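Here are my notes on the model you sent. Please read them with the structure open.

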Amino acid sequence: MIELNLATDYTIRILIHLAQTNKAITATEVASAMKIPERQSAALLKNLCKRGVVEGHRGRNGGYMLKTDPQSISLLDIIQWTSSSVVINRCVQNKEECNRKMAEKCKVHKVFCELQLKWEKELKAVTLINLI
């Protein structure tokens, strides 16, 4: 079973909340609203700032705001930002990873490649705007 990691789950929730809020909010407010541990909320928000998706402001009226148009952030983007890999099987990414060294002839490899393309297409089609 392919399972998204917690960082991906939390990042999706953080971005949804930021997209729904039209003002700067703190990592604590995001954590509370989305039921995410505060420490992880702060770390993920910093990561999103480094990627240029979110902007952070310090000071009394500081906080985080979505910097990128929600229509341009796909689920595939978020998964790629927060996961080491988004492939169904390692042979899909690199044929040399096939234990049998038969990726060219393997029917399972062909099916995995087709599934990978469909999966990525579906994830790319769902943007943050669809989730708010």
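1. Cys-49 has 26% relative accessibility, so it counts as partly exposed. This is a predicted model, so treat the values below as computed from it.

2. Buried would require under 20%.

3. What about disulfides? A search across the whole structure finds zero.

4. The largest nonpolar core holds 27 residues. Those with the most contacts inside this core are Ile-14, Leu-15, Leu-18, Leu-45, Val-54 and Leu-66. Five elements are listed as giving two or more residues to the core: helices H1 (6-20), H2 (27-34), H3 (38-50) and H4 (75-82), plus strand S2 (63-66). H1 supplies the largest share, seven residues.

5. Look at Ile-14 next. Which residues does Ile-14 contact, leaving aside neighbours within four places in sequence? They are Val-30, Ile-36, Ser-41, Leu-44, Leu-45 and Leu-48.

6. Then the packing of H1 on H2. The two axes come within 10 Å and cross at roughly 110 degrees. That angle makes H1 roughly perpendicular to H2, because 65 to 115 degrees counts as roughly perpendicular. H1 brings Arg-13, Ile-14, His-17 and Leu-18 to the contact, while H2 brings Val-30, Ala-33 and Met-34. By type, the residues of this contact divide into five nonpolar, one polar and one charged.

Note on methods. Residues are numbered from 1 along each chain as its sequence is written. This is a predicted model: local features need pLDDT of at least 70, side-chain atom pairs count only at pLDDT 80 or more; totals for chains, interfaces and linings use all residues. Side-chain values use heavy atoms; hydrogens and water are left out. A nonpolar core is a set of buried Ala, Val, Leu, Ile, Met, Phe, Trp, Tyr and Cys residues joined through side-chain atoms within 4.5 Å. Buried means under 20% relative accessible area, exposed over 50%, partly exposed in between (1.4 Å probe, protein chains only). Helices (H or I, at least four residues) and strands (E, at least two) are DSSP runs, numbered from the N terminus. Contact means heavy atoms within 4.5 Å. A disulfide is a pair of cysteine sulfur atoms within 2.5 Å. Axes are lines fitted to C-alpha atoms, for helices over the stretch in contact, and angles run from 0 to 180 degrees between N-to-C directions. Angles under 35 degrees count as roughly parallel, over 145 as roughly antiparallel, 65 to 115 as roughly perpendicular and the rest as oblique. Ala, Val, Leu, Ile, Met, Phe, Trp, Tyr, Cys and Pro count as nonpolar, Asp, Glu, Lys and Arg as charged, and the others, Gly among them, as polar.
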